[in-house]
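Let's take a friendly walk through a protein chain together. Have the sequence and the 3D view ready, and follow along topic by topic.

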Amino acid sequence: MHMRSEGSSNRMRGRIVLIALLLFINLFLLIRLIWSDQGIFAYLELKNRYDVLQQKIDGVDGKSLDLSQEIRKLKSDKGYQEKIVRERMNFVKKDELLYIFPEENTNPRGEGVDEQEN
């Protein structure tokens, strides 16, 4: 009967050592899963960067599409060409007068001079 209890206690110690080893391995893997360079936090940071870059790509794609449409219009639509040249380059037709008004945020002439003299 004494022999059985020794064998039983050896098995029990073996099981405890095995369970402790498995717990240690699981703890190591859990820590590595969370805090390593390839862990959850790194994944979340990369996913956030990916989302930001994807939004930038979508914005650039939209702008590219708009510019392509404008190029097509400029190549084919003479009326649109004239409108753009008149607006952006201040061109006028023969016998037309062009009036250029100051922007609203600038001071009218003379207003700043009076304030400086006082």
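Helices (H or I, at least four residues) and strands (E, at least two) are DSSP runs, numbered from the N terminus. This is a predicted model, in which local features need pLDDT of at least 70 and side-chain atom pairs count only at pLDDT 80 or more, while totals for chains, interfaces and linings use all residues. Residues are numbered from 1 along each chain as its sequence is written, and side-chain values use heavy atoms, with hydrogens and water left out.

- D95 has a positive phi of about 65°, although it is not a glycine.
- Most residues other than glycine have a negative phi.
- D95 counts as exposed because its relative accessibility is 77% (buried means under 20% relative accessible area, exposed over 50%, partly exposed in between, with a 1.4 Å probe and protein chains only).

**The whole chain**

- Four helices and zero strands make up the secondary structure of the chain, and from the N terminus on the elements run α-α-α-α.
- The chain has 118 residues, of which 5% count as buried.
- Its accessible surface comes to about 11800 Å², and 59% of that belongs to carbon and sulfur atoms (accessible areas come from the Shrake-Rupley method with a 1.4 Å probe; for residues, only the protein chains shown count as cover).

- Helix 3 covers residues 78-89, and its twelve residues should span 16 Å at 1.5 Å a residue; the end C-alpha atoms are 16 Å apart, so the two values agree (the expected span is 1.5 Å times one less than the number of residues).
- What caps the N-terminal end of helix 3? D77 does, with a side-chain oxygen 3.2 Å from the backbone nitrogen of G79.
- D77 lies in the loop between helix 2 and helix 3, and D77 counts as partly exposed because its relative accessibility is 36%.
- Just after helix 3, N90 takes a positive phi of about 55°.

**Contacts made by E82**

- E82 is found in helix 3, and at 36% relative accessibility E82 counts as partly exposed.
- The side chains of E82 and K93 make a polar contact of 3.3 Å (a pair of N or O atoms within 3.5 Å; within protein, one must be able to donate a hydrogen and the other to accept it, and residues adjacent in sequence count only if both atoms are side-chain atoms).
- E82 and K93 are eleven residues apart in sequence, and their C-alpha atoms are 9.9 Å apart in space.

**Around Y80**

- E70 lies in helix 2 (residues 40-76), and a polar contact of 3.4 Å joins its side chain to that of Y80.
- Leaving aside neighbours within four places in sequence, E70 is in contact with Y80, I84 and R88 (contact means heavy atoms within 4.5 Å).
- K73 lies over the face of Y80, 5.0 Å from the ring centre (a charge sits over a ring if NZ of Lys or CZ of Arg is within 6 Å of the ring centre and within 35 degrees of the ring normal).

**An aromatic pair**

- How many aromatic pairs does a search of the whole structure find? The search finds one.
- W35 and F41 form this pair, which is tilted, with 6.4 Å centre to centre and 50° between the planes.
- Rings of Phe, Tyr and Trp (its six-membered ring) pair if their centres lie within 6.5 Å; planes under 30 degrees apart count as stacked, over 60 as edge-to-face and the rest as tilted.
- W35 counts as exposed at 59% relative accessibility, whereas F41 is partly exposed with a relative accessible area of 47%.
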